[in-house]
Structure formats: structure tokens, C-alpha cells
Amino acid sequence: MFLKSLTGLFSLTLAGLSCAQAYEVHTITTPAGQPAFELRYFDPADGPFVSDNEGTQVSTWAWSPHLIQQINQGVRYWASLIQPQGALEPAVIHIGTYDAWANAFGLSILGDGGRNPKTVLQMRLQGLPSSPASMEDGSHAAFGLGPSVYPTVTHFSQIPLTGKDDIVSTAIHELGHGFGIISSIRNTAGTLTPAFGDVLGGWASLMVDDNGNPARPGQVILCRGCPNPAASDVFDVRQDKGMLVGPHIDEVLAGGLPGVPVAMLKHKVDGTVSVDDNYMSHIELKNSMMSHQSYRNYTGFMEAELAVLQDLGYTIDRRNFFGRSIYGSGLDVVNTQGYSARNAEGTAYLPGSYSTALLGLGLHVYGSGNRIRQAADLLTAGEGGAGIRVDGEGNALTIDPGVRVHADGSSGQGIMFAYGRNHTLVQRGDVEALGERGVGLRFDFGTNVFTAAFEDRGSYIHASAEGPLPPLPELDGPLVTQADISGRVAGREAAIYMSANAYVARLNLMQGARIEGDIVSLYDQQDDLGAQRLTTVSFGQRADVAGRATGQADADFRFAYTGNILGGKNLTLTFDGGDTRLNGRNEVYGAEIRPGARLGGNATYTMTGGGALTNQGTLAPGNSLGRIDVIGNYAQTASGTLQAEFDASGASDVLAVSGTATLAGGLDLMPMAGWYADGWSATASPLRAGTVAGDFDTVALSPVSPTLRFEAAGLGAGQYDLSMTRPADAYGRYGASANDLRAGRALSQLAALGTPAVQPLFRGLDFSAPDGHEVAQALVQVSPAPYSTGLAASLRRDRAAADAALRSLAPDGAPAGSGWAGHAALFGGTGRQDARGTLVGGRETLYGVVAGSSRRLEAAPDVTVGFSLDLSEQKVSLRTPYRGEAKATAVGLGAQWRYRPDAGRGWTAQSAARLGVERGTMDRQVAFADYSARHKADWTGYGVSAQAEGGYRFALTESLSAGPFVSLDYARLMRPGVDESGAQATRLMLDRLHADALRSRLGIDARTAWDLGGERAVSARLQISWDREWLDRDVSQTARFDAQPAVSFASVNTWVPRDTLGLRAGLDWRRGERVSVGLELGGQTGGSYRAIDGQLKLRWAFR
């Protein structure tokens, strides 16, 4: 937009206007709701909105609502920046129209009749008193707009995007002059004779010349093209290096620039240079919205420009709008400065809270050649906000893992590269822009605020409506040479966007990359030889430790994407390694699957470059069954494979090619998991093409099933006859035992029947691991073998309860004929049985209580008799490869008899009998491959047992005796038939079962006693024995599949070890003839079984 001379504008006055006009009023408030500006829009019938030395100025054309709305947007931006001071009324701005095409002006006169260096608008917003003469028409500033091609709608964004004359930026820019962005320089002796006035108005007090000398009132200005005579006391800008300096400016620039540049010269599009008669009234940071340059791609202020406003006296929380800016070049920066919402005082960030600032920016990179690591979160949800903007040239940006760069407001941009060439990006963090029109990663110069017809710039682009312009070195290269992504990028409008003027040479998606949203490229340019400039999007390169692509294939790469890839003019896809699944619409110039890489998914590939989708690796349509459409040609080389799945219904993957399919390499047909009945067959057509050239070198069936055998026969015209057989030993051949073979034969019978209930089981079996190890697991898990573990635990429980009752009888030394003595004992233990042969492994726990009564007979004092009642709980946890748990609650009645001489020598004998009943449960799991079932069963079982023991005791001393003993105990356990619950395919019906056990124990028993006096005594016992099971240790359990009761099989399992070593020690304390307390500990080991048990007993004599 061409600007009216500010020299002339500054001579305008705001006087003599009537306050009775019927203008349209709009009030603009700050984010806190404080009225900041009153905008008065004047139509032609509303009278003058401003007057100058030549008379009043009346609007020449009427306002349209969309123009008013966009000017209000620009003023709203000012209201978000400036914090008005004092308790004054809103600043009044008169706004009108005039006829200068593509032109605009803005002004505010100096206060106090020109004696104050601040404008009237400045004074009002800074809370400073001003004389009524400064604003006789009731306004503090004026803004005039000429006609142009304006957009109907403009949204706040970091770069101009409408492609039309940007009225929002125009309003911000022109009103900026009224805010004091002006030099107040005027001509003193005709055209181009600039000098400072008697008052250094606007920002003149911040200005220094080429030599660093500050401006002074009345000082003449020397410049190239200015006829002012040289003198000693001049403001010398003949090198055009004037600048603004101040404490806030210095803080922001941090030595990166010596100051904020201003200019006396204007560089035109055609390359000519002339004096700019606005005389250093613009900020000449490169491409600045507040500049007077012919190309501008900023829509708001840079941080250095806000610092200028601060040095002009405005109250601005600059950190609300910028996290950090880097104006220097060649720096190594680890940026730990985050960006988020500010506290109420505007003194600190609130970590984790999103900023809502308008056009807020977490990090701005203005300089060149910097190496930057972003190591802190940048969080904004404000309109037009962005995480990072990169300008300059050759900057290398890295986002650290775990770092969030979020811009979730409307028109937000996560990371954007907006100008220059040869930048690089390593994105390992989390980037998102989920608001309306949000883009996660944007490569885009934007459009010139004046429209591209005035001047257009981009990668290898410099032109105007008249044609190409001289090339610019800063644009002679890709905007970004390489972007390496191993983190998340998400955007609502697009995840990754490359505009029509931004060339990205290479985009690498590597392990860990998550792309949520479309990938779009509109770039369409050719090099000097006419070749298309292509952007390569690579999938599956290996990253180095710093997250950069190495150029080597990554076989572990896994990437699934549901968005669209839209770049038919310049995107070419390469699948370099691993497994990529694209599920969307892909419009690309070219695509190539490299050797060792795999491409799948359900997608359409429109090949716009005239080439083909070339397969040197593996192309596998679908994510299960699916389809890939190629709008264009397909070429498969000798190293390529088309992998097509088919299912039990006969449906298959499809590769559909609209053009020519040129074939070589292999066709790999792969059965999908499912139920394939014996004798299954089908016809498949995996390739459908307009025309076919060549043929597959090989056609194979993937050996994905450990049990089924598939075959394929070509029928011509791309069709194949498929068939399947199930060998007789399909399952049993993976067994390791006779039990496994029996289970395998039963499964084969079950498969042949093929009822619907069992089909899920065979889907899992037939498509488990190809090496068959999961079938081997299944053979073990489907059997009833775990029930043998519960049976063995029940035997040990019954024996423990009977032993506890015997050991609770009256201790040695109890008076004969003293009457019945009540006794009670707690018993318990834990044991572990390792799997060995057909012995099922498990860990068991037992606890219980036995209570009863006993007495020594008066007529036979060496004989003790008693009876007992016991109650116990047991649990057995199965060990791999079985999964499950058996529990039982048992109660038993017993009778005991013992003969033991008091003298501690001679023969000893004891016997017992017990009758018990248990309530048992089994909860087992069958889980392998993708099949899983849980089965439960419960039952009421019974047990009887009897034991007898005899020995001889030798008196070694008066208190110590020892001698051998031998015992036999017999037990029978009985369990009824059991029906399991759970999935019918592996649910079992178990026949009733009984088991017998006869154990001998041969060992040595030693006892001692000490008389403590006062009717107190202590006795101790130590016993070691060899225990042996004499009956058949194998138990045979017959089971039937509930789904087909005719299919039965047996599992024969060893349930107890043959030989074990027993060790037991006990200690009893007795007081008088009525009370005794005892403690016993014992253990057993042998045959891969280890156990420890204990007993705490109490005896109380009563009459």
C-alpha cells in the first residue's frame, strides 16, 4: 500500500469539526474489558472527519461492513498491546475514506499545540493531561483509507494469507504513526531539505545517526539525495544507518543488532533507490509490517518494535506477546525460556497455562546461522498465536523430546518457517495447532501485505505483476533443506503445510513420528533446466542420537497414518525402511518403495508426474483385507513383492491400477486368521489393472500357519485357485509328551467336526506362531492336568491334619487317669512343586485348626486316646505353562491312639483314622496367540485315611531317649464328575476320579525333657525320616470337550513324588497336669518338591 507523505500529514490539524455528525461509533476494549478506543466512521454525508491546510476532508465513498470489521480488528490488536493509564475516557479516532488508490494515512498531532513531543493519542493512552486545544474536534487521531482490492474476511495470523491488500495490517500500521511512530522531521527549505523541529516529536528522541550521535532539536539532516549543505552540527545518515536506541530496545536485541533500524532511502521493486519523504518514520526491520519496504510479510509487531513503544512511554507487558526473540546471528542457543499465560500482575508466566494473547509468539528467530535447541514448553491458545517463527537464513532448529510447542488458538501455527533459505529442523517434541485453521508445521512466506502483484517472494521466486524481478540471494535455495521428524505434529487444517511459495527439499518421517492431519504441498516451480523442484517425503530412515536422518533404512520403523498427502505438483514419496501404512488420499508426483521396506494401508495414489508407483520392496494393500488404488501406473521390479491377504470367505486384498501394471518379482498370497474347514477352497484376484506387462516371477503362499497347508494354482487373467488341507497330526506333532499327543488327536477330531462353538479355538491354533511353539502351549493348557495338582494338595492337607491331631495328644509326663484334656492347634505350611515329567508344578499354601480332647488311661497309663475335629483352607497356584488356581475348604473328624512308656524306653506305637469332606474350586485359563478363555469348576469331594506307627526307644541318659520308627499311612480321595463353565471351545467335562496313596516312613526319633521344678517341665523332639510312596503315582483323568462330548481324551499325571526326606523338630512346655503349650516345625524335600510346615498347639486339661 502506497503511503501519503507523513511530512504533509503531520501538518494536519484536528480542529473546527462539528460534534453533531451522524457517524457510526464502535468501542474497542482491552482484553480486561476496559474501553480503550472510540472509533467514529464517517460516510460522505457525515461531514468532515479531518481538515488540513487546504480545507476539510470528507469521506468520498461509503463504508462497507466488512471494511469496518477489519479496521476494528486492527484497532483491537492495539487495544491488546497497550495498557491505557489513568482513569480517562477512551481515545477517539476519526476514520474516513478518500480516493487515492491503494493508499492510507494515519496521524495524531503533537500535544499542547505542538509544544509536547508526544502526540495527543500518546498522551491520552499514557494518562497524561493535555490541553483542550489539542483536540478541538473531540478526536485524538485520524485514519483515512483509499480504495483497493480488500478481502471480505481476514483472520489474525502471523503472516498475511489473503493474497489481497491487507486492511488489518494497514490499520495497525497507519494508526501506529498516531501512536508516536514518526520522526516529526519536516522540510525547512523546500523539497528534500529535512531537519528536526524545535521539539523532538514522536520517536526522534530515540534516534541516533550513522555515527551513534543522538538527534537534537532543529538539527539538519544529511542523506544521500538531500541537498542540505554539510555542517559540523548535523544528523549524518549518508550511510542510511540511522537507528532507534533505548533501554527496552537494548534488552530485546541483546547485542544481536546495534539498534532498531530506520531509513532515509527507499528501495523500490525495480531496484532503484530514492529518498523516502517519510523521513525515518518507519521501522526498517526486514519485512516488518511497520516498515516502508515494498515487501512485508508480518501482520503484527516484532518484539523489538514493542520495545520501541515501551521506550516511547507505553505500558506493555512485552512477555505476554513474546517468549523470546533472537536477533543475533551465528549463535548456539539452548532456549529454556518457556511461553505461557501471565499472572494477573504481568510479572511472571504461569507454567502449563496457555497464553491467550493476540498474535502471541513463543520464540522468534530473526537472525541467521543460529543453532537453536528449544528445551521448554511454548503454549498459546490466542488468536493467530504461534509457537515458533523462523526468519533469516540458515537457522538450525531442534525441538527436544518431551517439549510441547502448542498453538491451539484460531489460525494458530505450531512451528513456522516464514522467510529465507537453507533452514533445518529436527522435531522430536510435541507440536500441535488444533484450533480452527491451525497448522502444526508451516513452511510459508505468506503473501505480501500489498498483494503479490506488487512484489512476490518465495523460494526461487521474485516477481511482480509485470514479470520476474532480479533474483535475491536470500531466496536462492529451499526455505528448508531438511526437516527430520521423530515426534508428534498435529494440525486441524493441516499437520504439515508447504505453501505455493515455500520449497522444502526433504521431509523425513522417522521412528516415533506421529502425524495427525494432512500433509499438503502447493509448491510448483521448475529449475533453470525446466525440471520440477521436488520435495521428497521419506518414511523409515534411521535417526542418529540427535534425531537427524542418517540416510540408512530403519527396519524397526513403524508408522500408521490416516490423513491425506496432497502434493501432486512436487511431492515424491520414498519408503526407505520398516513398515508404513497410509490410509487416505495421496496425490503425489511420484512414489517408490525401496528394497526392505513395506507399504500397506487402504489408500488411493494419484500419480500426477507421469511416472509410476514403483515397488522394489513389499506392497501389502489393506490393514487386514483392503485395497490400494493407483490412478496411474504401477511398476514392480525383480526385488519387489505384492503381498495379498485372503480370508476364509475367499475375499482378498486388491491392488487396482488404472493404467499399466508392469510386473516382475513375487506375488505372496497370505491367508488371514480365520476358520478354514477341511477341504476349503476359493478363487482370488489380487491384481486388477487396465493393462498388464510381464508377469510375477514367483507365486508363493506365506507359511503363516503351523497346522494348515495352503496351495495356489494360477487360472490366468490374474486369478488364482486356493485350497487348504489339515494334516492328521496337525496339532499332536508339536507335543512333547504322551498327554500332548492325546490332546492333539482330540483337537484334530474336534476340528474335523468344525462346529461353530470351536471355530474361535482353531482360529487361534491355526494362526498362532508359525514355529508351532504356541500350539505346544495349547496342548498343555487344554488338558485337565491341573486337577492333579489340586488332588495332590488335598492329600497333603489330609495328612497334615491327621498328623496335627496326633501331635496334639497329651504330652509325655501328663498324669495317668487325670481326665480328659482339651487341646487345640494351629497348623499350616507352604510348598512348591516344580514341574517334572508329567508332574504339574505349583505353589501351595495351607492353614487350619484342629481341636479335640485326649486322656491317658488310668488302667493302662502308657496309652493315650483322643478324638479331633479339623478345619482347613488350601490354595494352589499353578506354574507355567499352566495358568490358574485351585482352592479347597475341608473339614475332618479323627480318632487317635498312642502307646508310649513313661520311662522313655521300650516299644512305642500310635495310630489314627480320619474321615474328611472338602469343597473345592478350580479357576484355570487357556491363553495362547489371540485365543483366551477362563474356566471355572467346583465340586464336593471326600477322603478317608488311616495310619499306624511303631518304634523302639532307647534311654541314652536319664532325660534323653532315641530310637527307630516305622509308619504306614493310607489315604483314598474321591471326586465326582465336574463340568466347567466358560468358553465352550475349551470347556471340559471331567469324569469322576479317585486316587489311593500308601506312604511309608522310616526314621529316627529323639526326645529329651527337663524338669524345671514347680510342676513345670520342657520336652523337645527331633525326627528325621525317609518317606516313600508305594502305590501307582500316576492319576488318569478323562475329559471331554463340552462342545463335542464324543471327543474325549485322558491326561495321565504323576501327582506325588516317589521319595522325600522329612525333618521335624518340636518343643513342649507343661505346667502341672492341666496346661501345656507346644510348637513344631517341619520340612520335606525330594522329587522336585520342597515344603515347610508348622504347628502351634495348646492343651488344657479338664475333669
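Buried means under 20% relative accessible area. The views below come from a predicted model.

**View 1. Domain layout of the protein chain.** The chain is divided into domain 1 (24–179), domain 2 (185–228 + 235–270 + 279–310), domain 3 (367–674 + 683–723) and domain 4 (779–1101). Between domain 1 and domain 4, the C-alpha centres are 98 Å apart.

**View 2. The disulfide of Cys223 and Cys226.** The whole structure contains 1 disulfide. Its sulfur atoms, from Cys223 and Cys226, are 1.7 Å apart. The link is right-handed, with 60 degrees about the S-S bond. Cys223 has a relative accessible area of 6%, so Cys223 is buried. Cys226, at 11%, is buried.

**View 3. The tilted pair of Tyr295 and Tyr419.** The structure has 38 aromatic pairs. In this one, the ring centres of Tyr295 and Tyr419 are 6.1 Å apart, with 40 degrees between the planes. Tyr295 sits in the loop between strand E17 (273–275) and helix H6 (303–311), and Tyr419 in the loop between strand E28 (413–417) and strand E29 (423–427), so the pair ties together parts 124 residues apart in sequence. Tyr295 and Tyr419 are buried.

**View 4. The stacked pair of Tyr503 and Tyr523.** The ring planes meet at 20 degrees and the centres lie 5.2 Å apart, so Tyr503 and Tyr523 are stacked. Tyr503 is in the loop between strands E37 (494–498) and E38 (506–510). Tyr523 is in the loop between strands E40 (519–521) and E41 (535–543). Both Tyr503 and Tyr523 are buried.

**View 5. Arginines over tyrosine rings.** Arg389 lies over the face of Tyr298, 3.6 Å from the ring centre. Arg533 places its charged end over the ring of Tyr460, 3.4 Å from the centre.

Definitions and conventions. Residues numbered from 1 in each chain as written. Predicted model: local features only at pLDDT ≥ 70, side-chain atom pairs only at ≥ 80, totals over all residues. Heavy atoms only, no water. Domains from an automatic or database assignment. Disulfide = S-S within 2.5 Å. Buried < 20%, exposed > 50% of the residue type's maximum accessible area, 1.4 Å probe, protein only. Phe/Tyr/Trp six-rings, centres within 6.5 Å; stacked < 30°, edge-to-face > 60°. Helix = DSSP H or I, 4+ residues; strand = E, 2+ residues; numbered from the N terminus. Lys NZ or Arg CZ within 6 Å of the ring centre and 35° of its normal.
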